Amino acid sequence: MLVSLNWLNDYINVRDYEPDELAEIITKTGIEVESVEPVAEKATGVVVGHVVSCEQHPNADKLSLCQIDVGEGVLQIVCGAPNIAEGQKVAVAAPGAVLPGNFKIKKTKLRGEESNGMVCSLQELGVDEKDVPKEYQDGIYVFPEDVQAGDDAISLLNLDDIIIELGLTPNRADCLSMAGVAYEVAAALGREYELIAEKVEEGSEKAESLVSVEVEDPEANPYYGAFILKDVTVGPSPLWIQNRLTAAGIRPINNVVDITNYVLLEYGQPLHAFDFDRFGSDKVVTRRARDGEKITTLDDQERVLTRDHLVITNGDKAHAIAGVMGGAESEVQEDTNTILLEAAYFNPANVRQSAKDHGLRSEASTRFEKGVDPGRVERAGLRASELLREYAGATVLQGVVSYDQLDRSEKTIDVNTTKINNRLGTEITREEIASILERLQFPYEQSDEDFTISIPTRRGDVERFEDVLEEVARIYGYDNLPYTLPSGASQAGGLSLEQQLKRRVKAYFEGAGLDETITYSLTSEKQSTMLVSKEVAQQAAAPVKLAMPMSEDHSHLRLSVVPELLQSLAYNVARKQHNIAYYELGTVFISEESEVTKQPHEMLRASGALTGEWLSHPWQQEKKSVDFFVVKGIVEGLSDLLDIPMTFEKAKIEGMHPGRTANIMADGKIIGFIGQVHPKLQKEWGLKETYVFDLNAEKLFELYEKEEAFEAIPRFPSVSRDIALVVDEDVSAGDIKETILEAGSPLVKQVLVFDLYQGEHLSAGKKSLAYNLLYLDPERTLKDEEVESAHENILQSVKERHAAELRG
Amino acid sequence: MKERLQELKEEALRKVDAADGIQQLKDVRVEYLGKKGPITEVLRGMGKLSKEERPVIGQLANEVREDIAQAIEVKQTGLEEAALEEQLEAESLDVTLPGRPVQVGGPHLLTSIVEEIEDLFIGMGFEIKEGPEVESDYYNFEALNLPKGHPARDMQDSFYVTEELLMRTHTSPVQARTMGLKNGSEPVKMICPGKVYRRDTDDATHSHQFTQIEGLLVDKDVRMSDLKGVLNAFAKQMFGAERDIRLRPSFFPFTEPSVEMDISCKVCGGAGCSVCKGTGWIEILGAGMVHPNVLEMAGYDPKEYSGFAFGMGPERIAMLKYGVDDIRNFYINDQRFLKQYHKA
């Protein structure tokens, strides 16, 4: 809401405050002032001039040579505007004047003729192009007849005004009007204000003899008032109305439209003027539109309606979408003679629906949507009638023809001084409360500590004790509230086990050299199904998609964090940062339904993606690129940290390198995958060799067992033995390890691969794997024979199961 | 013979002194103390001596032997040390050459901020609660006093999945869910951080996904001054003891009264500058007393219970605290951005 201080000052004196000071007070008591700006950049020395004569410049086709009376004398001025003419009253910047942009006006000669100043357009005086009336957009501004030569043009055009912009929250619809703002400022400053009663001189003819009103849906339209105004002369509205509209950011059009807009700004009540002769009947019927019914609105758009939309009809044909926009057919035009003026109360939800469906958010719909003051609907019609009589020559027919089921009753709310203080933590006296209610102009009855308050209809947002509490608190001042701490029983607070584990896992990854990322949960359809771990893919029927996405890039909920990480990697690589190691603890969204009806399962994943060099220490000739085993080491470290055994099984996953990918298993189930991104996909992302991992963190946290008891450090020595085995090259090291552990149980505690060899000393298709085995009995020292026998057993088993030969 | 021994001793000590290598020293040892050495020879000739002289000379010979042996030992230790020193000198490194790098990762700036806020409220006895990001219309809106058709739903145009499910637009549903589990009788003291989503086109100041942290305290006799006290403690710890706070009236459907909290501008100290747009204050969070409808819907009797709630955006806090000027930085994951804030 743009508030003109000149206008506001007509209602309530605010001149004794600096605009910034006033803004601060308004902000602290209730409504945030977003800006304080002059309506136009400063200009001085501009006066009204009367064009006494206007002739063609002798030496230039497009220039006029004018003699202009500026009150103190007549000046010769050369003017280039196409619309200048003898007899006009115009804005003249005489020599010595300063226009916006610090443009100083001097005496000059143009094509041989002396020019003592400049005739100004509104734009030259600092008016925003969008606020300039159409007829003056390409030329100078012409004042109405009634101004005097020599008058101060800046003040006549209200260009010395200051505009404060209010950032209104949805509850404060009462301040969508100058009257509402005046009530608010009066309360903030502790001053008096009251909206003046309307005085309409009505003619003898009765409105009801010309029109009747019928309402089919009282819930959508509890009040409809029709005023009839005859003998209207459509023309420009008076300057002061134009100025106030301009200050509020509304472009003046003609007196009828301007007056309805003016009352909208003044009272907060939208009105609509129909050309009654073009309305096509003598009855107004408001009803829900029929599905498929059509109307051409003022903006010349044909709109298709549904039962959700309320329309104003002539009993047959729709002439307006209620509260949103009028129809083109009954639009007020230059030749309009009789006006049907509508002042109505439309159901906020209904207007909201119509405005939304038709993409028409207007000054009017905004106010209806938020609820107008039931006490001011009819009054606004009277106010507009009064102005139309005065400024459009209208004859106001007697009475308003109305349908009226509108609830105008004032709510009463009981409050108690102690209760207020208990809730605020204050010690406000009942006298102070009484004085605050008076400032708010909330009538009340008091008995000691108790107040019964009547809430004026303009404050529809005040509905219960807590709302009054807020009114009292804000006028009392939040600055005056003490600082206290909650007095209730204290609780320990803290992190749940899962939250602690999350932090631990993050710290682990960071210690392991990975940077944490946060990526978007909403992704493209394509990316939403890419690089998904098998157990997720099995559970998810389809990725969850948005009903109405804003872009294709963010239309679906992800089933994997990995593609998002790859996107981040690609972003960096494209910017010449080639060595990236990222991880994220992020959610994926799994729905078992192909058409979602229930909330999807939100599963926490721990995912990572690495590319480029892992270690680079050039002067010692050490250099290592990220490879499968770098990433596997990171995952194994996590397995150790959480003490959750994990195994790796070669797997094929779409988008992954078919020979370098594994499922990760824990507790007998797949919990994720690891491997190299498929070279084709790498190329698409512009990535070199890139390795990823993805783990079901939710499952890991479930499997995690907090260490409860201390395990003694073994007191007896362990025995270390090595074996080198020759096997076929497709036998996996992990399988052999499993066999060793099983056959060596319970004495073998640890099995480590320390060598892998393939080459000339072995026959083709064979490889040699060397393991270091650790034998231990925590209860006693092992005897050589025991180890020997266990070792034999192991050799026997690997021979049987993997055809392994001891390497000679 | 005495003289001969004395002579030998002096001669040997001179040679020890002159030795400049371990080998030379060994030669001296063999020469004088060996079985064929002159001292042994002297001892062999003792037979010719009188009974009285024998022990005297014997003792003297032993003393000479010991003196020489000791001198050799001292000299040897000295020579070994010198040799070691020489060797170590030869092994010296250029300590200014770079070390073998250790990969160090770090947390995302938003995580740092969220955890800092979490820890701060944990210290005040709050618990951390989390909830679903795909939320029901009921918990996201209705349970928070935002019935269907409520104009304030416009403030946060949302991404719907179905008519009843949407990407949560704030973390407040977690409050409604947590309260709902208490049967209207237990106090609640919690904060809930998380991702939220709104229909915004991503630009420097808007992001369709962002982070929020909300706090809630419900108990008997909670006062608005308690809210002010808790927020003040938070602001001073988070932004510095010298910062002041102020509350301004505002509106949220789920609180009444509703306020916005500003902190005094760090840059100008409250005098007004471009950072605070001349006001001296910077908006940090929204807060208020829990709306009675919200308490009622969660099963609490608003006559008996009251509470306060507050909500803030870690992105905004990060932008203010570290001068980050584009919200997209938090989600693009440019390594140069991420690495900058690992100490934050």
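Q: What does A:Ser53 touch, leaving out residues up to four places away in sequence?
A: A:Ser53 touches A:Leu65, A:Cys66, A:Gln67 and A:Glu86, where contact means heavy atoms within 4.5 Å. This is a predicted model, so local features need pLDDT of at least 70 and side-chain atom pairs count only at pLDDT 80 or more, while totals for chains, interfaces and linings use all residues. Residues are numbered from 1 along each chain as written, chains are lettered from A and ligands numbered from 1 in the order written, and side-chain values use heavy atoms, with hydrogens and water left out.

Q: Is A:Ser53 buried or exposed?
A: A:Ser53 counts as buried because its relative accessibility is 16%. Buried means under 20% relative accessible area, exposed over 50%, partly exposed in between (1.4 Å probe, protein chains only).

Q: And which strand is A:Ser53 in?
A: A:Ser53 lies in strand S3 of chain A, residues 44–56. Strands (E, at least two residues) and helices (H or I, at least four) are DSSP runs, numbered from the N terminus.

Q: OK, helices then. Which residues of H21(A) are buried?
A: In H21(A), they are A:Ile736, A:Thr739, A:Ile740, A:Ala743 and A:Gly744. Seen down the helix axis, the buried residues of H21(A) fall within an arc of 115°, so they line one face. The arc is that of the directions from the helix axis to the C-beta atoms.

Q: Why would one face come out like that?
A: An α-helix has 3.6 residues a turn, so residues three or four places apart point the same way.

Q: What do the buried residues of H21(A) pack against?
A: Strands S40 (719–728), S41 (748–757) and S42 (766–775), plus helix H22 (784–802), of chain A.

Q: Switching topic: how many residues of chain B are in contact with chain A?
A: 95 residues of chain B contact 90 residues of chain A. The two chains bury about 7,600 Å² between them, 52% of it on carbon and sulfur atoms. Buried area is the accessible area (1.4 Å probe) that two parts lose on being put together, summed over both.

Q: Which residues of chain B lose the most area to chain A?
A: B:Gln103, B:Lys228 and B:Pro249, together 9% of what that side buries.

Q: How many salt bridges does the rule find across that interface?
A: There are 9, counting a side-chain nitrogen of Lys or Arg within 4 Å of a carboxyl oxygen of Asp or Glu. B:Lys339 forms a salt bridge with A:Asp515, with the closest N and O atoms 2.8 Å apart.
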